[in-house]
Structure formats: C-alpha cells, structure tokens
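Could we walk through this model together, one feature at a time? I would like to learn how to read each of them.

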Amino acid sequence: MQFGPEQISDLPFYNRVMFPLLHKAAAGMAPQVSESQWYLLLRIFSFQAAFVAFALVCRQTVRCSVRDTILGTTLLSLATLATFCFPWEETSDSLDLLAISIGVGVALARRFWITLAVAILFAANRESAAYLGVIWFVLNATPRDWHRPLLAGIAISVISYGAAMLLRGYVGPTLIMNWNTALSNLIIFGAAGKGFPLNWLGLLIAVCVLFLFNISLQTSLTRRLLFLALVFGAAGLLFGLVSEIRVFLASFVMLAYAVAASGTIVPDRQSAPAAP
C-alpha cells in the first residue's frame, strides 16, 4: 500500500478494494470532478446509503413504526459520528455499515443466497462481511431447528472470509493475517483512566448508554440483536484497537436495530423452517 512516497507491505488490508475501485470508476467517468471531490462525494453517499438501508430494513422487514425507525436511525447516526475521534479515517467503515445493515434485513427475510452474495461482495470491502453468517444463525436459530441455520451461517462466514483472504493474497505481496490486538487493548484500557471521561472511553460509554436506555428486552428479536452486539464487540476487542471506536460499528448497528425493534412485537420463531 502506498502512503505518500513510502510503500508498506505488512498490512492486512489488501482485500479492502471496494471504495478505491468505486473512486477510480467515478473519477474516470466524470473527470471534470476532481479526485478529492469524488472522494468526499463517495464518502457522503456511502454513509447515506447505509442509513437509508438501515431505515428500509426497519420499516419493511422488522415492521418498525416511523417513530422507532427515526429513533434507531438517529442513534446510529450519532454513534457513527462518535467514531470520527481519531486523526485518520477508514473508507471501509461506511460500506461496512451498509453491508451489516443489509445483512440483517436479508437474514430476517431468510434469503440465504442473497445473504451469501452480499457477504461475498462486501468481502472486497472488509473481512467483517463474514459477520453475516453469525447474523444468519443468531436471528434464525430456534430450539427446534438450530442445525440448519448453524450450517448455513458457517457456510456464509467461511465462504465470505475465504473470499477476503483470496483477494488479499491476490492483491497484496503476501497473505497477511489479521492482527490480534487483545494485549494492546489491555494496555489501552489501563491508560484510559487518565483522561476519563473526556477521552475515547467516555465517548464509547456515552454512546452505549444512549442505546441501552432505549432498548426493551421484551421480544426475542431485541435480545438476539443485543447478543449480536456483544459478540461483535468481543471481536472488536480481539482484532481492533478499542481507542478507535469505529471497531464497534457492527455492534452499533445491532444496538440501533434493537432500539428500533423495541416497539415492535415480533413473534418468536419456534418451528418455522430456516433452511437455505
């Protein structure tokens, strides 16, 4: 990867080509707009697309009210704004929001092949597209029928992550695996008390409190979404730097869906088939 005059070859990001390809295509089709302008426009459009996708899933799939949809979308927007707390930004964040938002919708609709296609497509944005397999299992498993959702979820995650690794190996000079940051995060947490609450930890807690104060655990769906938020939060602790709150974006999406679904009565899935 090129950083000014320096080329760095030991970063595990070579599969994250979706935004650069979109940027290159847009700049090629409309050269009268500068590359910097296209960068800003694509950043704006990709975030807007993510929030629109989230709202559409809330209304059409989860059947949330307009009020609950607006509340969930607003809190997700505020949480996303809080992730801009570092000197640099990741262009994959907005598209990751889009992938996770769509993934919840197609998983709830039990569209296996569409879920798999989305997971493969967005493997070109970030390897966290494999989360869609976890989403599939958690949202569709029932006490009577958990085997098939489990196998389908494993298939989605393995194929998506495999696609990301194949792309990373093809684009990059070598296949670099993701870093394990658990030890680094322990050190970061240890140092967080110095500037608390006016630092990243205070901001993260404030965001989580906003979500949790608006979540009701009366339905199975909200409980499942909260569980997914915890799972993805644990993944962020293992593979991301917690001081970059953006590593919890997938958790924020789950919490926002839980907020929107808190006012919606969704029947528990006890016996409905969850086959691919």
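Q: Let's start with E127: is it buried or exposed?

A: A residue is called buried under 20% relative accessible area, exposed over 50%, and partly exposed in between (1.4 Å probe, protein chains only). E127 has a relative accessible area of 8%, so it is buried. Keep in mind that this is a predicted model, where local features need pLDDT of at least 70, side-chain atom pairs count only at pLDDT 80 or more, and totals for chains, interfaces and linings use all residues. Residues are numbered from 1 along each chain as its sequence is written, and side-chain values use heavy atoms, with hydrogens and water left out.

Q: Where is E127 found?

A: Helices (H or I, at least four residues) and strands (E, at least two) are DSSP runs, numbered from the N terminus. E127 sits in the loop between α5 (112-121) and α6 (131-140). Its C-alpha atom is separated by 5.8 Å from that of Y161, and the two residues are 34 apart along the chain.

Q: Which residue forms a salt bridge with E127 at 2.6 Å?

A: Here is the general idea first: side chains of opposite charge can pair when their charged atoms come close. The cut-off used is a side-chain nitrogen of Lys or Arg within 4 Å of a carboxyl oxygen of Asp or Glu. R16 is the partner, with the closest N and O atoms 2.6 Å apart. This pair links distant parts of the chain, 111 residues apart: R16 is in the loop between β2 (6-7) and α1 (18-29), while E127 is in the loop between α5 and α6. Both R16 and E127 are buried.

Q: What is the distance between the closest N and O atoms of R168 and E127?

A: R168 also forms a salt bridge with E127, and there the distance is 3.1 Å. R168 lies in helix α7 (residues 147-171) and E127 in the loop between α5 and α6, so the pair ties together parts 41 residues apart in sequence. With a relative accessible area of 0%, R168 is buried.

Q: How many salt bridges does a search of the whole structure find?

A: The search finds eight. One of them joins the side chains of D93 and R126, at 2.3 Å from N to O. D93 belongs to helix α4 (residues 92-108) and R126 to the loop between α5 and α6, 33 residues apart. D93 counts as buried because its relative accessibility is 5%, and R126 counts as buried at 8%. Salt bridges also link D93, D96, R126, E244 and R246 in a network.

Q: At what angle do the axes of α3 and α9 cross?

A: Two packed helices are described by the angle between their axes and the distance between the axes. Axes are lines fitted to C-alpha atoms, for helices over the stretch in contact, and angles run from 0 to 180 degrees between N-to-C directions. Helix α3 (residues 66-82) and helix α9 (residues 200-212) have axes that come within 10 Å and cross at roughly 175 degrees. That makes α3 roughly antiparallel to α9; angles under 35 degrees count as roughly parallel, over 145 as roughly antiparallel, 65 to 115 as roughly perpendicular and the rest as oblique.

Q: Which residues make the contact of α3 with α9?

A: Contact means heavy atoms within 4.5 Å. On α3 the residues are L75, L76, A79 and A82, and on α9 they are L203, V207, L210 and F211.

Q: How many residues does the largest nonpolar core have?

A: In soluble globular proteins, nonpolar side chains tend to be buried together. A nonpolar core is a set of buried Ala, Val, Leu, Ile, Met, Phe, Trp, Tyr and Cys residues joined through side-chain atoms within 4.5 Å. The largest one here has 72 residues, and those with the most contacts inside it are I135, L139, F211, F252 and M254. Helix α11 (residues 249-261) gives the most to this core, with twelve residues. Not counting residues up to four places away in sequence, F252 touches L76, A79, T83, L204, V207, F211 and I245.

Q: What is the phi of R63?

A: Phi of R63 is near 65 degrees, a positive value in a residue other than glycine. R63 is in the loop between α2 (35-60) and α3, and at 61% relative accessibility it counts as exposed.
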